[in-house]
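Subject: Structure handover

Hello,

Below is the structure for you to look over.

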Amino acid sequence: MSNDVNKALQRAFEELADGLDLLGESSFRSASHRRVARAIGDLTAPIDQLGDDPAQLRARLEAIPGIGEGATRRILEFVEHGEIADHVEILERVPGGLFQLLQVPGLGPKAVRTLWQELGVQGVDDLRRELDSGRVESLPRMGRKTVQNLRSALEFLTRTRDRLPVALAMPLALDLRDGLRSVEPEARVEIAGSLRRGVETIGDLDLVAAHHDPAARRRLAEAFVNDGRVTDVLASGERKCSVRLSAGGHAIQADLRLGEPAAFGAALHYFTGSKEHNVLMRQIAIGFGRRLNEYGLFEGDEPRPQDHGGTPLAGAEEAELYDALGLPFIPAELREEAFDPARVGLEALRDLLARLIDEDQIVADLHTHSTASDGRHSLEELVAIARRRGLAVLAVTDHSRSSVLAGGLEIDALREHVAAIRELAAGLDDLVLLAGAEVDILPDGSLDYPDEVLAELDVVVASPHVSLSQDRATATRRLLAAIRNPHVHILGHPTGRIVGRRRGLQPDIDALCAAASEHGTALELNANPRRLDLDDAALRRAVEVGCLVAIDTDAHSDAQFGYLSYGVRTARRAGLPADSCVNTWEPERLRDWLADKSVGARGR
Ligand code: DGT
Ligand code: CA
Ligand code: CA
Ligand code: ZN
């Protein structure tokens with residue numbers, strides 16, 4: 001990927017920060033490194049291409065908020081020498097496994113430092129051993145409870161380590177797909193597998209391609225195995241190629257299936273899965289005296305080896321297959337056991353499909369950030385972006401005062417910001433611009449602004465940002481308090497999880513859903529693919545209870561408004577009806593709810 005330099009630099013600054021913390025040195029310096037890492041992460045262009053010469057690069061770097069003189073010097077050092085001396089020194093002083101330990105939920109730098117100094121722990125395996133020996137429990141501030149949390153966190157790490165978060169897998173897969181399309185513009189090329197179904201972590205990438213000309217298929221195969229990111233070619237045949245790729249420091253396998261256009265729909269369907277959905281479809285086919293496989297739907301239910309290249313009853317399009325089996329078209333996100341027509345019932349499934357949310361129904365984004373806190377764009381720029389993206393409503397919700405690192409606003413600054421938003425809003429006739437805030441839910445459930453300040457805002461998103469390893473009961477109480485606050489419209493990224501990296505809070509979801517529907521508060525599905533919070537399983541519970549859901553991008557930059565599709569795919573996996581999603585509402589209806597959210601309460 002073109003942004004490898006940015007990624008390497010971001011990682012270097014993160015390790016500088018973590019390293020200083022682990023060495024017990026100035027937390028002021030580590031906070032500043034962390035700010036730089038974040039600023040780099042927000043850049044879209046490769047950092048070494050920001051300027052044509054060092055002087056221009058220096059000037060452009062210093063103009064980036066969060067990047068000061070020292071950071072500029074380090075970045076230039078990295079661009080010139082490929083490393084940063086301070087960073088190299090940190091890596092010499094701190095064992096590498098400790099950085100990984102910091103990813104364990106519930107383990108902060110202080111605790112990792114103690115484990116290192118007192119028990120000589122240098123990584124995940126050491127920690128597991130020391131937990132088993134009981135020595136961790138004897139350390140100061142490491143009670144039985146902490147030890148239990150650590151154990152389950154370690155388990156979580158092991159379970160998720162081998163799957164790639166969708167945030168990394170999707171850009172790679174799209175790039176591979178588009179690369180193949182440009183090699184053979186006549187070919188059909190689609191992403192299949194768990195990625196197409198909208199799953200949040202991906203075991204391997206699956207692509208399906210079709211072209212009537214065998215020579216064109218060979219050119220596709222060749223382009224695939226010769227991609228610059230390929231590290232190993234596992235198979236390279238007429239019908240299937242498998243490679244291992246490296247992307248952003250992660251390794252992942254990718255499979256490409258190649259075939260005839262007449263069988264494209266069947267292949268796409270088969271390799272989209274899920275396995276359970278495939279089994280179900282095959283059983284239904286057998287009920288019709290037919291057989292379904294990756295080559296198409298055929299007459300006769302006896303398996304035959306010669307289906308490849310045969311003439312199917314249906315196979316060019318997925319829709320034909322569903323049609324021929326008497327089923328409505330089931331979108332990829334619903335091809336899971338939970339939506340098995342035999343279980344749900346055909347009528348209920350048809351009803352669900354008719355109401356299922358679709359990306360183009362979303363007309364509002366109610367959680368975004370501007371330069372007033374840690375966003376990249378001014379209010380005017382956000383308005384231009386929202387217009388270009390066809391939004392009818394945009395809420396600017398910058399961080400509250402406790403989020404110091406994110407530039408959270410003190411009350412005076414918030415009021416000024418709100419005034420600026422309202423002034424701008426008054427001159428707009430094609431976009432409803434709302435003044436809001438993303439207010440921190442403090443660890444005890446109180447909010448970061450007093451109620452009378454919240455009452456001045458059009459939209460209040462309340463989110464947890466710190467103390468994300470609280471026990472279940474405390475976390476539930478904390479979030480319930482926010483849901484019940486009459487000024488809070490949306491519970492933002494309710495668990496605070498990071499996909500594959502941080503488990504976040506583990507609240508009692510049913511209790512949250514019940515309270516949310518009682519008070520008319522919306523639960524957020526944060527569309528940032530690193531978050532996807534709530535996740536599909538939790539959201540399914542929310543759908544069952546009928547509570548309101550807000551799908552917001554939490555965008556800090558123009559590109560991040562594009563996160564919406566990740567959110568919508570996750571929502572569809574939960575079977576979310578469009579009408580339950582406040583972002584699909586007409587501005588009038590949305591305004592009514594924002595003015596008094598109890599109109600959104602169940603039994604309204
Ligand atoms: P992943 O890669 O673990 O994230 O999940 P998938 O669903 O992408 O699984 P993968 O890559 O092993 O296979 C892609 C699809 O191919 C899978 O969803 C269904 C189909 N498939 C693969 N193996 C089998 C099988 O043994 N039986 C059936 N019915 N379908 C299969
Ligand atoms: Ca796969
Ligand atoms: Ca696969
Ligand atoms: Zn947030």
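I begin with Asp554, which is buried at a relative accessible area of 5%; buried means under 20% relative accessible area, exposed over 50%, and partly exposed in between, with a 1.4 Å probe and protein chains only. Asp554 sits in the loop between strand S16 (549-552) and helix H24 (564-573). Its phi is positive, about 60 degrees, although Asp554 is not a glycine. Helices (H or I, at least four residues) and strands (E, at least two) are DSSP runs, numbered from the N terminus.

For reading the rest: this is a predicted model, local features need pLDDT of at least 70, side-chain atom pairs count only at pLDDT 80 or more, and totals for chains, interfaces and linings use all residues. Residues are numbered from 1 along each chain as its sequence is written, chains are lettered from A and ligands numbered from 1 in the order in which they are written, and side-chain values use heavy atoms, with hydrogens and water left out.

Other backbone points

Arg141 also has a positive phi, near 60 degrees, in a residue other than glycine. Arg141 lies in the loop between helix H8 (124-133) and helix H9 (144-160), and counts as exposed at 70% relative accessibility.

There are cis peptide bonds to check. One joins Gly273 and Ser274, with omega about -5 degrees; Ser274 belongs to the loop between H13 and H14. Another runs from Asp533 to Leu534, with omega near 5 degrees. Leu534 is in the loop between strand S15 (522-526) and H23.

Ligand 1

Which residues come nearest to ligand 1? Of the 16 residues around it, they are Arg163, Ser194, Arg197, Gly203 and Asp204; a residue is near a molecule or strand if one of its heavy atoms lies within 4 Å of it. By class, the shell holds three nonpolar, seven polar and six charged residues. Here Ala, Val, Leu, Ile, Met, Phe, Trp, Tyr, Cys and Pro count as nonpolar, Asp, Glu, Lys and Arg as charged, and the others, Gly among them, as polar.

A polar side-chain atom of Ser194 is 2.5 Å from a ligand oxygen, and a polar backbone atom of Gly203 lies 2.8 Å from a ligand oxygen. For Asp206, an N or O atom in the side chain is 3.1 Å from an oxygen atom of ligand 1. The protein buries 73% of the 600 Å² that ligand 1 exposes when taken alone; accessible areas come from the Shrake-Rupley method with a 1.4 Å probe, and for residues only the protein chains shown count as cover. Helix H11 (193-196), helix H13 (264-272) and helix H14 (275-287) are the elements that give two or more residues to the shell around ligand 1.

Helix H2 (residues 27-42) has 16 residues and reaches 23 Å from its first C-alpha to its last, close to the 22 Å expected at 1.5 Å a residue. That expected span is 1.5 Å times one less than the number of residues. At the N-terminal end, Ser26 caps H2, with a side-chain oxygen 3.2 Å from the backbone nitrogen of Phe28. The buried residues of H2 are Ser30, Ala31, His33, Val36, Ala37, Ala39 and Ile40, and their cover includes helix H1 (4-22) and helix H4 (69-81).

Glu15 is in helix H1 and counts as buried at 12% relative accessibility. Its side chain makes a polar contact of 2.8 Å with the side chain of His87. A polar contact is a pair of N or O atoms within 3.5 Å; within protein, one must be able to donate a hydrogen and the other to accept it, and residues adjacent in sequence count only if both atoms are side-chain atoms. Leaving aside neighbours within four places in sequence, Glu15 is in contact (heavy atoms within 4.5 Å) with His87, Ile90, Leu91 and Phe99.

Two further buried residues

Glu184 lies in the loop between helix H10 (166-183) and strand S2 (188-191). Glu184 is buried, with a relative accessible area of 9%. Apart from neighbours within four places in sequence, its contacts are His211, Ala216, Arg219 and Leu220.

Leu539, in helix H23 (residues 536-545), is buried at a relative accessible area of 0%. Not counting residues up to four places away in sequence, Leu539 touches Leu525, Leu534, Val549, Ala571 and Ala574.

Regards
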